[in-house]
Each structure stands twice: as structure tokens, then as C-alpha cells.
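Hi everyone, thanks for coming. Let me put the structure up, and then we can walk through a few places in it together.

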Amino acid sequence: MPVTVIGGYLGSGKTTLVNHLLRNADGRRLAILVNEFGELPIDADLIEADDGDVISLTGGCVCCSYGNDLMMALMDMAKMEPRPDHIILESSGVALPGAIAGSVSLLNDYSLDGILVLTDAETVQERANDKYMADTILRQLQDANIILLNKIDLISDDKKAALNDWLQEKTQSATIIHTQNSVVPIEIALQSFEHDGGFSADRSTHSTSQFETKFFALNNSIDVKALAEELAEVPEIVRAKGFVQNEDGVLKTLQLVGQRFEITPAPNEVEAGIVVIGMKPLPELKTLAATG
Amino acid sequence: MTTIYSAKKIITMNPARPEATHVAVRDGRILGAGSLAELEGWGDYTLDERFAEKVIMPGLVEGHSHAMEGTLWRYTYVGYFDRMDPNGKVWSGLDGIEGVLDRLREADAAMEDPDAPLPGWSLDPIYFNNERVTREDLDKVSTTRPVGIMHASGHILNVNSKALEMAGLMKTGLNNPGVPLGKDGLPTGELKGPDVMTPVGIHVGFDRDMLACDEQGLVDFAKLCVRSGVTTATDLAARLPDEAVDMMSRVTARENFPTRIVPLRFHHGVTPEELIAHVLELKKKTSDRLRLGMIKVVVDGSIQGFSARMRWPGYYNGAENGLWYISPEHLKQIINSSLENNIHIHTHTNGDEATELVLDCMEEGLLKHPSRDHRFTLQHCQLADTAQFRRMSKLGMCVNLFANHHFYWGDEHYNLTVGPERAERMNACATALENDVPMAIHSDAPITPLGPLFTAWCAVNRLTASGRTQGETEKIDVDEALYAITLGAAYTLKLDGEVGSIETGKRADFAILEDDPESIGGENLKDVRVWGTVQDGRIFPASEL
């Protein structure tokens with residue numbers, strides 16, 4: 001079962017994100033593991049059964065608190081029938097999500113998809129200078145595959161750019177996404193950074209107020225590397241994935257997250273085409289449009 | 001019905017009359033201590049001379065222990081030091097891996113089910129020149145059953161190949177700092193840290209409720225208390241679900257249960273609001289021998305596990321700073337709500353940065369909720385410096401220092417974790433007393449053995465296992481040490497009005513000793529023999545447990 005670890009300090013929007021993902025599960029059976037139920041405000045009409053440590057939700061989703069024993073909770077969850085499609089593990093505000101991910105990887109029933117860390121745009125820099133919490137906050141940022149720079153609406157445009165640069169410097173290679181109320185497409189939040197299981201999000205055109213998804217059927221060949229470099233330069237694009245026919249006629253898989261991309265041989269029997277997900281409004285992507 | 005006990009000497013801990021020859025007991029409480037002539041004034045009595053050749057002290061108070069020590073004795077002991085089990089058998093210490101394997105083989109041979117797990121505990125490779133136990137070593141014990149041995153620190157588990165197989169970890173390609181790999185790319189069988197230990201631990205008998213004791217474990221723990229002269233002991237940190245509380249209430253209420261147990265509710269796994277609500281409910285279930293309603297907050301990890309939070313310059317060997325187990329916001333919330341609701345908190349801090357955080361939060365909390373007598377207690381608090389003790393004093397805090405630690409791990413702290421200067425100031429008993437911080441000292445059983453007289457010896461001598469004196473200026477004298485293991489510890493639990501000294505009105509809780517700790521010499525304090533205890537006037541000879 002794929003696992004996405006959600007980290008971030010108190011007040012950064014983890015619980016809001018978890019609720020957002022539950023409301024937009026779109027048929028996925030999500031299992032949410034939280035340290036404690038605390039402020040998790042699950043709408044009452046979503047709750048089917050509540051037996052203390054496990055809350056069953058409509059649509060086959062489930063929410064469990066793991067208290068002080070995450071590993072036992074995961075091992076218990078592996079016995080659950082039917083199995084959830086995806087595990088979302090919300091770590092505590094002071095936990096290091098990378099360490100949690102390392103532990104999860106020891107369990108044979110689970111595979112780690114990625115680490116998403118939320119930050120509160122208003123307070124993250126202050127916290128990163130806190131007498132007690134500074135190194136914890138910085139280690140959380142370093143562990144991340146995706147950083148949500150949340151509550152972005154609360155800071156000025158000038159500050160946004162500076163904050164983005166600062167975060168870029170603090171993280172290893174995470175994709176930074178600006179969000180409001182933790183709203184991010186589920187395909188982005190739960191994407192896999194660890195292994196290539198084929199692109200399944202391409203049939204979904206799920207979008208929210210801040211993001212949009214575009215699909216381009218690519219009928220013509222093109223220099224894949226040049227295309228990737230071009231897409232990487234478009235700041236609105238947070239992710240792209242698809243199959244592209246290279247100039248030499250060979251079909252390639254292109255995966256792009258933020259400014260990083262990877263080009264690998266495409267699997268057999270796939271059709272050319274690419275999905276681009278980005279902040280609204282996505283600028284006109286002329287090269288893609290021309291290739292399609 | 002009054003009984004007057006005669007004794008060779010009664011150490012009362014009451015400065016007005018520090019010594020007595022007789023103590024009168026009625027209805028489980030002390031009428032008075034003094035001479036027979038003084039006590040006869042209470043009316044008809046029976047003179048009981050069974051302790052005529054013994055020394056009587058107030059029942060000892062262990063302010064930081066875990067009742068799980070009772071449970072662990074059902075597993076095979078493989079420690080380096082001799083240690084007595086609940087039934088009084090002394091298990092000899094093992095001085096090498098071969099000895100460990102031999103003892104495990106004996107345990108293996110005595111088991112009927114070839115597939116049953118074989119758990120051992122209290123391994124400490126420090127004493128084997130840090131030679132590590134490997135899965136190949138443990139495979140020599142058994143290849144059919146899972147075998148696992150827990151280190152004395154509780155932070156590392158060594159297992160055999162069968163246990164790794166059962167957990168699905170007998171494979172290459174693992175990438176986790178807590179799982180060292182051998183030359184063959186397979187795990188060596190050493191598992192470091194709780195999250196790494198759990199998936200394998202359940203197959204070798206160390207399962208989820210290891211930190212909670214079961215009924216048999218609680219009974220066995222109480223036996224260990226009697227054997228070490230303890231009449232009041234904490235079970236410091238449990239989740240305390242209803243089933244556990246019901247079990248503990250039932251067991252401690254038995255007429256022959258010899259110990260007053262003080263369990264603290266662990267903060268983890270619930271929100272601060274839920275924690276306060278639960279503890280207020282628990283308070284209603286408190287009983288004479290089961291004192292409920294206190295909170296334990298764990299702020300950081302351990303020094304030898306490099307998970308304690310250290311102030312600059314951090315670990316001596318350059319290890320990265322440790323882990324927070326609670327955020328400052330939640331800590332403040334728990335402290336503030338507890339001050340409002342008159343709930344008593346003990347905090348676990350090992351590193352000095354964690355201690356500093358608690359002091360900061362207390363300072364802030366007390367401004368909002370002035371409290372004359374909160375007695376919030378810093379547990380372990382091993383690295384506090386003098387300035388921090390001064391703050392504790394001003395803030396009305398108590399401290400319970402881990403005196404046993406510098407005997408068992410002092411050398412490692414000196415050489416590896418914190419370096420010479422800070423190792424010498426660890427568990428600074430003398431500084432605590434100089435600054436008028438109410439102080440107790442503890443064993444953290446089962447991490448080190450339950451035995452307040454041994455703990456007192458550690459604080460008086462500050463010897464490490466290699467025989468070095470570490471921190472000459474932090475030594476305390478015998479009187480101070482005996483106070484720390486009686487009234488000192490009772491004070492940190494707000495029980496000093498009931499127990500901790502032998503004087504009119506208090507509980508008839510006594511440690512009955514064969515030797516006199518006041519005259520045996522500080523260097524021999526650990527050798528004081530314990531006959532048994534009297535608790536609430538009930539007599540418990542260790543020989544009849």
C-alpha cells in the first residue's frame with residue numbers, strides 16, 4: 001500500500017489538508033493515520049462508525065489515531081479488509097517526517113510514495129529561527145519532496161518571492177507549491193516520488209480553484225529534453241507527466257516536478273500524450289499545443 | 001489495638017527526634033516513635049520484638065520506576081550485573097557474549113514449544129568492549145524460534161535470523177539508519193530505536209503493551225519493592241486505559257498487596273484537552289494503594305540514544321541534536337491547564353535544552369496561574385547546570401535526578417556522549433541541594449535495578465562502572481541521600497504528609513533492615529541488607545514472598 005507522509009509544524013494546515021483530501025478522495029479509499037484525533041473536524045455526515053481509535057467514513061475511507069505507537073497502527077492496518085488504496089500518515093508537529101518514512105519503509109506491506117511538508121507562510125521563517133524549534137523546522141523542510149507554502153494569501157507579493165527563494169535554499173530538491181487553505185490537487189499531494197508505477201492521474205481532470213490540469217495528445221515527434229527544459233522554466237507548472245515521441249522516433253517517459261525532470265524509456269503499448277498540472281491560470285503552452 | 005515494635009535503631013527522618021528505640025502502630029498508622037516509656041501512655045499495647053535486632057527506616061519511596069520491571073522478569077535476564085528477581089533468586093551477571101548465549105540456550109532447552117519466542121533483556125555490550133551481538137550469534141541459540149534480546153537502555157534490540165524472517169526483514173536493500181547491515185547486505189540483527197524495534201519486537205515477545213504491566217507483572221513488581229525496602233513506588237508513564245486502571249485497582253486492593261503504587265498518565269497520543277479530562281476522571285478513581293491523577297510529560301529522548309535535546313555545543317562526538325517529543329505550544333497548554341486544575345505534572349527531560357524549555361514554559365505559566373505549591377518535578381534532568389537549578393528553585397520546582405545513571409553509563413557519557421566536563425556535572429545532587437531544590441534520586445527501573453539504597457550509594461560515591469569517581473563536587477553525604485530516598489521522593493509526589501518519615505500520624509510504612517545505613521559507611525551503603533517491609537502496619541518479610 002502506498003504511503004504519503006504529511007509533516008509540518010503546528011498550525012501549518014496539516015489537518016485542513018487531510019480534510020481536503022478526504023473530501024476530494026474521488027473514489028479512492030484513503031486511510032488517514034493521525035497522532036491523535038484532536039481537532040480533526042470530520043463532517044458528521046461523513047462518519048459511518050466511530051469505535052474510539054478508528055473512524056469509518058463514507059466511501060470506504062477510514063481515519064485512525066496511532067497515539068504513541070505508529071508502527072503497531074500500521075501493522076494493524078495491513079490486516080484491514082478491504083485494503084485502503086492509499087495511506088496518509090499525518091506526523092506530529094515536532095516529528096521528523098524523514099525518520100517516519102524510514103520506519104515505514106521497513107514494513108513489507110507498505111511502500112513510501114513521498115513526503116509532503118506544510119509551512120505557514122506567515123510564520124515559517126520566524127519558526128526557523130526559534131530558540132528551540134529551529135533545527136526541527138529545517139530538518140522537516142529538508143525531508144520534503146513537496147513543500148506547501150500555505151496561507152500564501154496572507155502575505156504580500158514581495159514577500160512571496162523572497163520566501164520562495166528562502167525555502168528553495170533550505171530544501172534539498174522539493175517542489176514548492178503555493179497554497180491557500182491547504183488546497184492542492186490530490187494527484188499532486190499523493191504522487192509517487194519513489195518508484196514509477198505508471199501514470200494514473202492522466203485520466204483525471206480533477207481541479208480546484210487554484211490548480212488546473214491540461215492534457216495534450218502529442219501526435220508529432222519533438223526533442224524531449226528541450227521540451228522538458230522549456231516546461232521546467234514555466235513557474236506555474238508544478239507537475240507534468242506523459243509519453244513523448246523523441247526526435248529519433250523513440251517513445252520516452254517524461255516526468256517533471258517543479259524544475260526537476262527525468263526522461264526514461266517508455267513502457268510498451270502506451271500512447272503519446274502528456275498531462276500538465278499547474279497553478280491557475282496556466283499560460284499558453286505553445287510548444288505542446290503545436291506538437292499536438 | 002496498638003502494637004509497639006522495638007528495634008535496634010529507628011531512623012525516623014524527623015529532625016526533632018532523629019532516632020528512637022520503639023514505634024507504636026495503631027490501625028496502620030504511627031502513634032509515635034520514641035522510648036517504650038513514652039509510648040506506653042497510649043494505653044494497652046502488645047510489644048512486638050521481632051525487629052529487636054533490626055534497623056527500621058521510613059518505607060523507601062521510589063519516585064521514578066516502571067512496574068513493567070515485574071513483567072520483564074518472565075523473560076531471560078542477560079545483564080552484566082548480578083540482579084535479584086521477584087522471587088529472590090540472584091541471577092549472576094554475564095561478562096561476555098558466550099555467557100549470554102549459554103543462558104539463552106538453557107532457556108531454549110527448557111521450552112516445550114519449538115516455535116515459541118525467546119525474549120531476553122538487559123544486554124549491555126558496553127561491558128563486552130562494545131562487541132555487538134549478531135544474528136549469527138543468536139542463531140546458535142535457535143534457528144526455529146525467534147530470539148530477541150533488549151538492551152539495558154531499552155533503545156536497542158538484537159534478534160536472530162528467524163525473527164528477521166518473520167518480520168520480512170531478511171533481505172538486502174534496506175536503507176534505514178536504525179538497521180545496520182552486514183557485509184552480505186543483510187541486517188546484522190541489531191535494531192535501533194522504537195519504530196525499528198516494534199515490527200520485529202512483536203515476534204520475539206516484546207509487544208505493544210510492554211510499557212504497561214499486566215496483573216502478574218504488578219504482583220511481581222511489588223515483590224521487588226518489598227525486597228528493596230520500598231513501600232511507595234511510581235509507575236511513571238502509562239496510558240492508563242480503563243482496563244488497566246480496573247486491574248490495578250483490583251490488584252492493589254488485595255489484603256496482601258504490599259506497595260502504594262503511583263501511576264502517572266503519559267501525555268502522548270492524546271490532545272492536551274483530552275489528557276486533562278482523562279486525568280481529572282482518573283483522580284476520582286484514586287484509592288489508598290493506587291494514587292491516580294498525575295501527569296508525565298516526555299519532552300525529549302535519551303542521552304545515550306542521542307535523542308536528548310542538548311544546548312550548544314551539543315554532543316561530544318558530534319552527533320546531531322536529538323528529538324522533541326512535544327511542541328512548546330502543547331507543553332505550555334498542558335502546564336497552564338494543569339496549574340488551573342491543580343493537577344501535578346512530572347516532566348521527563350534528559351538534555352539541558354529540554355530542561356530549559358520546561359523552565360521557560362513554567363515561568364510563563366506561573367505568571368498566568370500563580371501557584372504556591374505546585375511541586376512540578378523535573379525527572380532525570382541529568383544535564384542541568386547551576387543556573388538552571390537556580391531557576392528551578394525560584395519557580396518552586398522539584399527535581400528527581402538519575403543517580404544510578406552515572407554508575408551504569410557514566411564512562412560512556414565521559415568518553416562519548418557529553419564529554420568530561422558535562423559528564424562530571426551530570427545528576428548534580430549537591431548543586432540541587434545548595435540551591436534549595438527539593439530533590440529525589442531514582443533508578444528508572446527496569447532501566448537500572450530497583451533499589452533506593454543502591455541509588456543512595458551511587459549519589460554518595462559517584463563511581464562509574466570502571467571505578468572512577470566522576471564529579472567529586474556533586475557527591476552528597478549519607479544523610480542527604482537517605483533523605484532523598486524517603487521524604488525527598490515523597491515530597492515530589494505530595495505524599496510527604498503521609499509517608500517518608502516515622503512520626504505521629506503518618507502511615508506505618510517501614511523498611512526493615514539488617515544493617516544500619518547510617519553507620520555502615522557511605523562506600524558500603526549498597527550492601528545494606530533488606531529484611532522486608534511494613535506497609536500500613538502490615539508486615540511483609542522478603543523471605544515469605
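Let's start with helix α8 of chain B, residues 242–252, where V245(B), M247(B), M248(B), V251(B) and T252(B) are buried. Buried here means under 20% relative accessible area, exposed means over 50%, and partly exposed is in between, with a 1.4 Å probe and protein chains only. Helices (H or I, at least four residues) and strands (E, at least two) are DSSP runs, numbered from the N terminus. Looking down the axis of α8(B), the buried residues fall within an arc of 160°, so they line one face of the helix; the arc is that of the directions from the helix axis to the C-beta atoms. As background, an α-helix has 3.6 residues a turn, so residues three or four places apart point the same way. And what covers those buried residues of α8(B)? The cover includes α7 (215–227), β14 (230–238), β15 (260–266) and α9 (272–284) of chain B, where contact means heavy atoms within 4.5 Å.

A quick word on the source: this is a predicted model, where local features need pLDDT of at least 70, side-chain atom pairs count only at pLDDT 80 or more, and totals for chains, interfaces and linings use all residues. Residues are numbered from 1 along each chain as its sequence is written, chains are lettered from A and ligands numbered from 1 in the order in which they are written, and side-chain values use heavy atoms, leaving out hydrogens and water.

Now, the aromatics. Searching the whole structure gives 19 aromatic pairs over all chains. Rings of Phe, Tyr and Trp (its six-membered ring) pair if their centres lie within 6.5 Å; planes under 30 degrees apart count as stacked, over 60 as edge-to-face and the rest as tilted. Take Y132(A) and W324(B): the ring centres are 5.9 Å apart and the planes at 90°, so this pair is edge-to-face. The pair crosses between chains, from the loop between α4 (124–127) and α5 (134–143) of chain A to the loop between β16 (294–298) and α10 (328–341) of chain B. Y132(A) is buried at 6% relative accessibility, and W324(B) is buried at 3%.

W73(B) and W121(B) also pair edge-to-face, with 5.0 Å between centres and 90° between planes. W73(B) is in the loop between α2 (68–72) and β7 (76–77), and W121(B) in strand β10 (residues 118–123), so the pair ties together parts of chain B that are 48 residues apart in sequence. Both are buried.
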